[in-house]
Amino acid sequence: MNRKLLTGNAAAAWGARLAGIDYVPAFPITPQTEIIETLSGWFERGELQGRMTVLESEHSMITAAGAAAATGVRVFTATSSQGLLHAMEMIYTVTGWRAPFVLVNVSRGLSSPITLEPDHNDVLAARDSGFIQIHCANCQEVLDTMLIAYRLAEHQSIRLPIIVNLDGFYLSFTREPVEIPDQSEAREFVGEFDPGQIKFRASMPESQAVAVLGGSPYSYFRYETHLAMLEALNVYPEIADEFNARFGRFHGLLECFECDDADYLFVMMGCFATKAKDAVLRLREAGIKIGLLRPRLIRPFPSAAIAAAVSEKKALAVIDQNLSIGKGGILHAEIASVLYGIGQAPPILASFIGGLGGRDISQEEFFEIAQTLINASKTGETPPPRLLYTAREFKELKNLRAIAQVERQQLKENQP
Amino acid sequence: MTDTRFARMKDLPSTHWLGAGTPMCAGCGGLQALHQIYDILGNKTVFVNAAGCMTLLSIYPFTPFRGSWLYTAMGSAPAGAQGIRDALDILLEQKHIPPEEDLTTVVLSGDGSAYGMGVSATSGAIDRGLDFLYICYDNEGYGNTGQQFSAGAKTSTSKGPRGYPGYKKDLFALWAANKPAYVATVIGAEPLDLARKIEKATQLKGSRLIIALSPCPTGWDFDPKESTEIGRLAVKTGVWPLKEYQDGRVSHTKIPKERLPVEDYLKVQGRFAHLFEPVRNEAMLAEIQQRIDDYWADVV
Amino acid sequence: MFNIRFHGRGGQGIKTAGRLLGTAFFLEGYEVQDAPRYGAERRGAPMSAYVRADRKPINARGIITHPDLVVVDDSLIPVPAAGVLAGIRPDTVLLIASHEDDAVWRSRLNLKSPILTIKPSEGADPASVSAACAGASARLTGVIRKENLIEALEDELGKLGPALLKANLDTVLQGFESMSAHQGLVRQSEAIALIDYQKPEWINLPLEASELASATIQGAQTSVQVRTGLWRTQRPVVHYEDCHRCWWVCSSFCPDSAISVNEEGFPVIDYEHCKGCMICVAQCPSHAIVAIPESEAQRLERQGEQR
């Protein structure tokens with residue numbers, strides 16, 4: 001068994017390597033750069049066959065990725081945060097090409113203010129693009145998900161690009177023990193890329209991604225992309241079972257931790273969810289029946305699986321590491337849309353915003369969220385949305401602000 | 001030009017590779033140049049298109065191309081060419097496709113992309129030595145959306161109601177400064193000069209870039225039948241120098257013996273009416289003429 | 001509500017005709033919507049414009065599927081893509097700009113709809129025909145007064161200067177007067193009734209294979225199926241007795257690959273696709289290619305077929 005300490009970035013690079021990628025269009029951005037540096041080293045040393053091209057922007061990088069996939073090679077690329085946003089025009093565009101490839105996004109909060117630390121607003125900006133989205137919670141999952149992602153993306157009835165998401169710093173720069181599958185076994189699992197009829201060849205003229213006139217053909221092509229993505233909900237479990245049978249690790253549509261007999265659930269995505277697991281264990285010791293629900297697939301959204309998992313629970317706390325400005329937590333809204341109209345929907349669906357820009361979520365905060373759920377369940381009243389933010393933090397902010405404003409203050413005082 | 005198969009006009013292709021039935025305007029100078037270019041390039045090509053008038057060459061389910069096409073976006077067509085070129089190279093190296101399945105990658109963009117949004121992607125492609133051909137049809141404005149001025153706009157006045165307060169960006173020089181394999185200006189009204197340049201470009205490797213001045217009846221406001229004559233006037237007045245760059249040297253391929261006054265070119269286009277009506281703007285006309293004279297004074 | 005649909009060609013004043021009528025309704029105190037609708041095609045290609053007018057606020061939008069009045073250039077009636085006759089009802093009035101008479105069109109079209117024609121004056125440019133149609137339409141509604149039509153024209157075309165304004169005014173008023181016998185012929189129609197409405201045949205879209213379900217064309221030169229020859233208002237005709245067989249001129253300059261070269265070296269014009277730009281006419285060194293009006297060319301063709 002080949003078990004090593006790997007960062008999340010290295011695990012992503014290993015996943016790409018084991019999947020047998022041919023081509024990496026690249027552009028550096030923190031905290032993703034280590035992935036392409038790792039791959040670049042392997043290419044240089046001949047440990048990996050294929051080619052890497054450094055483009056001049058993420059917009060160009062995604063264009064090249066889509067174009068190469070549409071020509072029939074297996075493509076990997078990676079970005080983060082502002083880079084993903086800079087590429088956004090092409091993120092939407094390439095999904096219509098039905099050219100599968102895998103993009104790793106290392107989540108990092110968006111400007112302004114600019115930050116290096118993680119939250120999920122970057123990747124959620126791509127939510128409606130047509131990219132499948134899989135969110136990981138540890139480094140092993142990152143590597144395994146890469147192999148699953150190629151299988152899923154290239155599946156003949158799907159053929160869509162996939163974003164594999166990992167959180168900056170907390171996974172990207174954090175080493176954990178990771179079991180690296182055997183190269184030949186991994187290749188056997190992933191298989192060869194069959195581009196089918198979508199490829200550029202001299203003998204087969206093909207005009208790709210052409211314009212349409214009118215809403216009717218446009219509706220057809222857009223909705224077909226939607227149907228193809230929904231099909232991934234049917235295909236994914238088969239691939240996950242096959243992965244489990246071969247490698248002994250199961251990665252489902254959702255992770256349900258201590259959910260079965262739970263009255264209450266934390267609902268979270270990404271690696272901060274493992275913090276919630278710890279809290280679940282402590283709360284269970286105190287006799288509180290609580291669990292954690294973590295959707296791994298965000299697009300397609302596993303609505304039926306989520307509905308089944310939360311059915312008959314007393315209360316849910318959705319802890320969003322993102323903020324739809326002017327609305328609130330994005331996952332909260334998505335979960336709410338699943339619950340409406342189902343028979344045994346939990347009466348309480350509370351919203352918490354935590355972890356923006358990498359702000360920590362403490363165990364005490366998880367405990368307090370659980371207590372809030374218990375109280376709400378008794379009174380039947382859903383608490384208002386809450387930002388996890390303490391009086392102490394606000395005091396510290398005021399200290400920073402005093403420095404930031406010092407000169408203005410002096411000017412004011414000096415005025416006659 | 002001894003080693004060209006285009007010695008005389010009658011050597012031009014008599015069969016045409018680009019299909020009819022496109023939605024380009026009647027009298028489109030860009031389509032004129034494109035069909036002449038395509039006749040020489042042929043169908044073993046993949047055109048990577050940037051947003052512009054010619055986005056609409058291919059509208060589902062109709063395409064005029066005998067080869068292939070990929071629509072990308074306004075800012076990144078050269079990157080699309082990069083992805084396809086790299087992928088084809090990988091497939092050839094791995095012997096997954098035979099050499100006869102290879103394609104020439106061609107970027108097709110308007111001046112809006114070439115002079116503006118796409119400069120970064122083009123510069124990147126040249127830096128990387130991308131083996132591709134870039135064709136810019138330059139109609140000096142965002143023709144697809146109603147001829148707003150792009151950075152490729154010709155020359156005009158800061159005083160007139162429709163004037164663009166500046167002069168045309170020198171894209172030829174900008175590209176040549178990146179030291180690609182080849183840069184040339186062409187025009188559909190001079191098909192022999194165009195054919196020789198495209199022939200030369202196809203014989204070279206690396207980044208090869210072509211700017212085709214494209215008289216635009218709709219945007220420039222003239223009768224479509226005048227399209228070719230106006231193109232010819234652009235050359236005869238010296239407004240559009242036909243030239244090429246190779247191995248660090250710029251050479252002019254057609255130097256007008258006696259340049260016609262620029263006014264001859266300007267007065268036949270509605271877009272320059274403000275230079276003549278309600279009163280002739282002598283100062284501006286003289287300034288435009290002076291700029292052209294200055295340019296040619298430097299040409300040996 | 002009045003639902004009025006104009007059909008014409010890009011660059012021939014159809015949009016202006018619609019705006020003119022819209023403004024005239026507005027000056028009469030109507031609620032109004034007017035809009036042009038273009039496809040991807042350019043100058044010369046079929047396009048349409050819509051005008052709605054009502055005493056109540058208008059909630060309808062976009063395409064007029066069931067017009068009360070259709071105004072059309074006769075060359076577009078046989079063009080399927082123009083959709084001139086789409087959604088017409090027995091009481092929909094057809095106003096056709098044509099050199100032929102009402103009777104000819106009544107027998108040719110065999111419709112229940114009232115059909116009227118407006119004759120373009122000799123050598124009239126297409127924009128002035130559109131202007132005359134706008135004036136005629138105004139009269140057909142029966143609710144637009146001459147003074148408001150004039151004010152609308154000043155609003156829309158005043159920027160062209162007094163000479164052009166005057167010329168247009170004459171044309172518009174001629175159109176207006178020409179329909180005096182038919183004032184108020186156009187009836188307003190009501191929204192579709194709930195009773196007995198036609199159910200939309202909705203389907204559950206099936207998931208289809210990606211190469212079929214993406215906007216991909218797996219073929220070459222399919223564009224030749226588009227008959228851009230229908231854009232043409234002028235036709236270039238080669239007089240072979242004057243042709244010097246310097247095909248490299250016309251065949252290279254034709255932007256649309258619509259001039260091929262036959263075995264003897266003569267150019268052959270593809271009228272299915274020639275858009276009528278007339279570059280070949282302007283460039284032919286021996287003046288062997290001449291321009292004739294498309295309607296005239298078609299009339300000669302029909303005569304030839306009959307003979």
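The model is predicted.

**Contacts between chains**

- Chain A and chain B meet through 38 residues from chain A and 39 residues from chain B.
- On the side of chain A that touches chain B, the elements giving two or more residues are strand S2 (23-26), strand S3 (51-54), helix H3 (58-71), helix H5 (88-95) and strand S9 (207-208) of chain A.
- H3(A) gives the most to this side of chain A, with ten residues.
- By class, the side of chain A that touches chain B holds 19 nonpolar, 13 polar and six charged residues.
- Chain B is also in contact with chain C: 38 residues of chain B meet 37 residues of chain C.
- Helix H6 (247-253) and helix H7 (279-283) of chain C are the elements that give two or more residues to the side of chain C that touches chain B.
- Of the side of chain C that touches chain B, H6(C) gives the most, with five residues.
- The side of chain C that touches chain B has 19 nonpolar, twelve polar and six charged residues.

**Domains of chain A**

- The domain assignment of chain A gives domain 1, made of 3-191 + 208-247, and domain 2, 254-390.
- Taken over C-alpha atoms, the centres of domain 1 and domain 2 of chain A are separated by 27 Å.
- In the contact, 26 residues of domain 1 of chain A meet 20 residues of domain 2 of chain A.
- Helix H6 (121-124), strand S6 (132-135) and helix H9 (215-247) of chain A each supply at least two residues of the side of domain 1 that touches domain 2.
- H9(A) provides the largest share of that side, five residues.
- The side of domain 1 of chain A that touches domain 2 of chain A divides into 14 nonpolar, eight polar and four charged residues.

**Domains of chain C**

- Chain C is divided into domain 1 (2-182) and domain 2 (226-306).
- The centres of domain 1 and domain 2 of chain C, taken over C-alpha atoms, lie 32 Å apart.
- Six residues from domain 1 of chain C and seven residues from domain 2 of chain C form the contact.
- On the side of domain 1 of chain C that touches domain 2 of chain C, three residues are nonpolar, two are polar and one is charged.

**Helix packing**

- Two packed helices are described by the angle between their axes and the distance between the axes.
- In chain A, helix H7 (residues 139-154) packs with H9(A) at an angle of about 130°, with the axes 10 Å apart.
- H7(A) is therefore oblique to H9(A), and H7(A) passes H9(A) in a right-handed crossing.
- The residues that meet include A:Leu147 and A:Ile148 in H7(A), and A:Val235 and A:Phe243 in H9(A).
- The contact of H7(A) with H9(A) comprises nine nonpolar, no polar and two charged residues.
- In chain C, the axes of helix H3 (residues 126-141) and helix H5 (residues 162-178) come within 7 Å and cross at roughly 40°.
- H3(C) and H5(C) are therefore oblique to each other, and H3(C) passes H5(C) in a right-handed crossing.
- The residues of the contact of H3(C) with H5(C) divide into nine nonpolar, seven polar and one charged.

**Selected residues**

- Most residues other than glycine have a negative phi, and most peptide bonds are trans.
- A:Arg98 is not a glycine, yet has a positive phi of about 55°; A:Arg98 lies in the loop between H5 and S5 of chain A.
- A:Arg98 counts as buried because 30 C-beta neighbours lie inside 10 Å.
- A:Ala209, also not a glycine, has a positive phi of about 60° and is found in the loop between S9 and H9 of chain A.
- A:Ala209 counts as buried because it has 27 C-beta neighbours inside 10 Å.
- The peptide bond from A:Ser112 to A:Pro113 is cis, with omega near -5°, and A:Pro113 is in the loop between strand S5 (102-107) and H6 of chain A.
- In chain B, the peptide bond from B:Glu277 to B:Pro278 is cis, with omega near -5°; B:Pro278 is in the loop between helix H9 (262-266) and H10 of chain B.
- B:Met284 is buried, with 20 other C-beta atoms within 10 Å.

Methods:
Residues numbered from 1 in each chain as written. Chains lettered and ligands numbered in written order. Predicted model: local features only at pLDDT ≥ 70, side-chain atom pairs only at ≥ 80, totals over all residues. Axes fitted to C-alpha atoms, helices over the stretch in contact; angles between N-to-C directions. Helix = DSSP H or I, 4+ residues; strand = E, 2+ residues; numbered from the N terminus. Parallel < 35°, antiparallel > 145°, perpendicular 65-115°, else oblique. Left-handed = near helix turned anticlockwise from the far one by under 90°. Nonpolar A, V, L, I, M, F, W, Y, C, P; charged D, E, K, R; others polar. Contact = placed C-beta atoms within 7 Å. Domains from an automatic or database assignment. Buried ≥ 20, exposed ≤ 12 C-beta atoms within 10 Å, placed from the backbone.
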